[in-house]
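Subject: The structure for you to look at

Hi there,

Here is the structure I promised to pass on. Please open it beside this message, and I will go through what turned up.

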Amino acid sequence: MNKKLKTEAVDGLFKAVLHLQNIDECYAFFEDVCTVNELLSFAQRYEVARMLRSGNTYLEIAEKTGASTATISRVNRSLNYGNDGYDMIFERLEKENNEK
């Protein structure tokens, strides 16, 4: 974990996020907290990570998401050398989908 990121303010934000109960609440909260471009960038990075994990090529990802190769490369670096946050979420989502 990045020690510069670990602050009381960030803890407060994450605690607030943990209290969101559904997608509509997420929209309401994140539309207030983020600009439209920030939220779309988060969503784009998530989609890039999902596609990388599924084996898509940089070209396929760039064409589908509009992400630059620099963004795709940064997300790929996070997948390979980050804190495993993406993997944790993808594994939980896969488990949830398999239980349905």
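Let me start with the largest pocket, where H6 gives the largest share of the lining, eight residues. Please keep in mind throughout that this is a predicted model.

The space in that largest pocket comes to about 2,000 Å³, and 38 residues line it. If you want to find its centre on screen, look for Phe14, Tyr46, Gly85, Tyr86 and Ile89, which lie nearest to it. Helix H1 (8-18), helix H2 (23-33), H3, helix H5 (69-81) and helix H6 (85-99) are the elements that each contribute two or more residues to the lining. Sorted by class, the lining has 23 nonpolar residues, seven polar ones and eight charged ones.

Aspartate 84 sits in the loop between H5 and H6, and its phi is near 65°, a positive value in a residue other than glycine. Is aspartate 84 buried, exposed or partly exposed? With a relative accessible area of 46%, aspartate 84 falls between the 20% and 50% cut-offs, so it counts as partly exposed.

H3 with H4: helix H3 covers residues 36-53 and helix H4 covers residues 58-65. They pack at about 145°, their axes 10 Å apart, and the crossing is right-handed. On the H3 side the contact is made by Gln44, Glu47, Val48, Met51 and Leu52; on the H4 side, by Tyr58, Glu60, Ile61, Lys64 and Thr65. That contact has five nonpolar, two polar and three charged residues.

H3 with H5: here the angle is about 65° and the axes are 9 Å apart. H3 again passes its partner, H5, in a right-handed crossing. From H3, Gln44, Arg45, Val48, Ala49, Leu52 and Arg53 take part, and they meet Thr71, Ile72, Val75, Asn76 and Leu79 of H5. By class, this contact has six nonpolar, three polar and two charged residues.

If you color H3 on your screen, look for Gln44, Val48 and Leu52: these residues are among those that meet H4, and they are also among those that meet H5.

Best wishes

Technical notes: Residues numbered from 1 in each chain as written. Predicted model: local features only at pLDDT ≥ 70, side-chain atom pairs only at ≥ 80, totals over all residues. Heavy atoms only, no water. Axes fitted to C-alpha atoms, helices over the stretch in contact; angles between N-to-C directions. Helix = DSSP H or I, 4+ residues; strand = E, 2+ residues; numbered from the N terminus. Left-handed = near helix turned anticlockwise from the far one by under 90°. Contact = heavy atoms within 4.5 Å. Nonpolar A, V, L, I, M, F, W, Y, C, P; charged D, E, K, R; others polar. 1 Å grid on protein atoms, 1.4 Å probe; cavity = no way out; pocket = protein on both sides within 12 Å on 5 of 7 lines; lining within 4 Å. Points joined across faces, edges and corners; volume = space filled by probe spheres on them. Buried < 20%, exposed > 50% of the residue type's maximum accessible area, 1.4 Å probe, protein only.
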